[in-house]
Amino acid sequence: MRTSLLRGLMICWLTLGLLPAAAATESSTRLYTPFEELQPTAEHSQVMREVTRLMTRQHFADVTLNKELEVRALENFLKQLDPNKALMTASAAEKILQRTSDMEAALIKGDLDFAYEVFVQVTSLNKNRLEQNLELLNKRLSSFRFDQDQRFEADRREIPWPDTQQQLDNYWQQRLTHELLSLMDGDKTTEEARDLLVRRYENQLNRLKQTNSDDIFQGFVNAFTTSVDPHTNYFSPRRSESFNIQMKLSLDGIGAMLQSENEYTKVVSLVPGGPADKQGQLKPSDHIVGVGQGKNSEIENIIGWRLDEVVDLIRGPRGSIVRLEVTTSDSTNRRVIEIERNAVQLEDQAASKRLIETTIDGEKRRIGVIEIPTFYLDFEGQRTRQKDFRSTTRDVARLIDELKKEGMDGLVIDLRNNGGGALQEANTLVGLFIPRGPTVQVRDAEGNVNILGDNGGKIHYDGPLAVVINRLSASASEIFAGAIQDYGRGLVVGEQSFGKGTVQTILDLSYGQLKITRAKFYRISGDSTQHRGIVPDILFPPLFDARRIGESASPNALPWDQVKAVLPSRNSVVQRALDQLQSRHQQRIGNDPNFRFLTEQSDWLRRHEGSPSISLNLQQRKLEQDKEEAEQLAMENRRRQGLGLKPLNKLADDKEEDVSSKEPTPLDLAILEETGRILVDFSQLVSHTR
């Protein structure tokens with residue numbers, strides 16, 4: 001088991017969602033079978049017993065079937081069926097949550113009639129509600145008022161189940177009003193907005209009717225597995241095929257990692273170098289609410305769809321156009337993004353360099369920046385001993401040599417948005433900067449700890465070094481940054497990283513596959529990278545909401561813990577210089593227009609992320625949107641004024657530039673230039689202490 005586990009550690013990507021948009025597949029249209037008639041099969045019962053046995057015997061966590069776990073799994077199942085707590089009252093939900101003995105029989109014996117019974121109960125409520133919504137929209141449109149002083153609670157994850165049916169009815173009246181207003185924001189009449197919304201609910205009703213027995217079973221199994229940790233998932237044979245496409249990096253599509261959140265499809269991250277990343281408008285934490293094919297086709301609503309169906313709709317032939325209707329996470333600022341599907345090429349993900357100049361105390365300094373979008377390795381080329389096989393470490397070594405010739409005074413390794421990749425490349429890359437030594441520890445489910453490290457023993461670069469990370473830096477990125485920090489070899493700056501420190505293994509079942517968490521990563525200091533991630537030496541203002549993005553935002557994520565340190569902690573030169581570095585940093589950023597803009601953006605996002613409510617008054621809603629746009633315009637113009645640039649009359653004036661340009665944005669420049677200045681400060685402090 002230990003050998004197979006280490007083999008599985010060769011690649012460690014951040015795979016939070018199920019699938020990126022990938023190659024085209026056949027239509028998933030199914031014959032309609034009333035869901036009341038769907039039944040579990042003998043295959044499902046067998047697989048349920050297999051999954052339960054594997055979870056209790058091979059999962060990294062000490063999984064014991066008890067009432068607490070069974071209730072948590074039942075809660076997961078209900079959240080899956082009624083994510084917004086919009087179908088059942090509290091008393092109805094509580095009756096289901098009390099059925100732990102039925103849950104235990106399902107898990108241990110494979111008696112799945114209970115699971116299907118609950119599915120039919122809740123889904124029947126959903127079907128009835130959709131039909132009521134359609135009748136209300138078609139026959140009682142005049143009952144909707146857009147001048148009331150009411151606000152809609154869009155995020156219902158933390159609220160309790162409603163006590164009465166009247167509360168449910170009030171929620172749906174407000175929700176339909178909100179959805180009509182959102183469509184009317186695009187200058188549509190009430191009737192035009194109604195017609196669009198009717199088509200959306202008709203589509204949801206049709207999708208509901210296409211549910212099959214595998215869908216119900218997969219949802220129930222995953223309600224159990226994700227009650228232990230979010231990265232352990234069951235894949236039916238159809239989903240297994242799609243997952244394997246992902247792991248082979250066959251990424252014809254848009255290159256986005258997606259996950260379900262309530263009834264929405266949420267963008268978790270973008271594949272570096274992929275079509276969406278290059279296009280530049282789709283952002284992590286965005287919600288995709290509609291998908292259209294080609295430049296002129298109607299956009300189909302996907303709210304309430306299952307994730308695999310959304311992925312199927314986004315997939316398509318290379319070179320074709322997909323249009324995504326997207327909102328921010330608080331369901332405002334609706335926009336349509338046009339992306340050309342394509343494959344992610346190695347060149348798009350390869351490490352790249354740039355040289356930036358910065359001035360400190362009147363003296364110009366040249367800072368080399370190497371951006372690493374992912375940790376890649378040509379495994380086949382390495383195996384066959386090809387002379388020029390591609391790897392992250394080889395490319396970075398070459399780029400360092402080129403930057404040395406260009407006269408760099410210090411080096412920044414940019415790991416922002418790097419979700420991981422080949423683990424051995426993270427190890428060998430550390431070896432370019434430190435002598436031979438351990439870089440990461442791996443503890444398996446049996447408690448065995450394996451120490452991995454670099455075997456090179458030859459330092460390629462011994463000058464000033466900084467690593468910049470953000471909330472989307474995960475897995476192998478965290479291993480590299482953690483090792484640099486633990487050895488005191490360089491500074492780590494930016495945002496606290498993602499915190500994905502678990503390792504998954506794919507196990508074949510009699511029907512489908514199980515992706516199960518089998519191990520954890522630990523730094524040489526003994527600290528896990530799980531949940532907590534890497535905390536930078538110097539923190540920059542965060543541009544991602546840690547409440548929504550990151551391992552700590554995932555329900556039931558495994559906790560942070562420690563193992564024995566490989567090397568004793570040392571009072572490194574970095575630690576000794578931190579107070580002075582922080583002081584100089586704070587003094588400087590107050591006078592940097594770009595960094596002030598970064599700070600303002602971070603503060604604004606913190607105030608507006610996850611807005612508690614949205615006005616259902618048409619005029620008030622417009623005033624609030626205008627206010628937000630005015631705040632954004634004022635921030636941009638303060639930045640431009642500080643740089644001596646002409647102010648803008650509206651933000652759209654600044655959107656005419658090519659969004660796919662590889663030139664750094666003002667925020668990128670602020671981060672990279674200040675990182676370079678901190679690095680120069682560090683170099684000066686170190687030279688003065690020698």
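1. The side chains of N76 and T226 make a polar contact at 3.3 Å. A polar contact is a pair of N or O atoms within 3.5 Å; within protein, one must be able to donate a hydrogen and the other to accept it, and residues adjacent in sequence count only if both atoms are side-chain atoms. This is a predicted model: local features need pLDDT of at least 70, side-chain atom pairs count only at pLDDT 80 or more, and totals for chains, interfaces and linings use all residues. Residues are numbered from 1 along each chain as its sequence is written, and side-chain values use heavy atoms, with hydrogens and water left out.

2. N76 lies in helix α3, residues 67-81. Helices (H or I, at least four residues) and strands (E, at least two) are DSSP runs, numbered from the N terminus. N76 counts as buried because its relative accessibility is 15%; buried means under 20% relative accessible area, exposed over 50%, partly exposed in between (1.4 Å probe, protein chains only).

3. Apart from neighbours within four places in sequence, N76 is in contact (heavy atoms within 4.5 Å) with A223, T226, S227 and N556.

4. Strand β8 covers residues 321-327; seven of its seven residues are buried, so β8 is largely enclosed by the rest of the structure. I321, R323, E325 and T327 point one way, V322, L324 and V326 the other, and all are buried.

5. Strands pair if DSSP finds at least two bridges between them. β8 runs antiparallel to β6 (residues 287-293), with six bridges joining them; L324 in β8 is the bridge partner of V291.

6. β8 also pairs with β9 (residues 335-340), in the antiparallel sense over six bridges. Here V336 in β9 is the bridge partner of E325.
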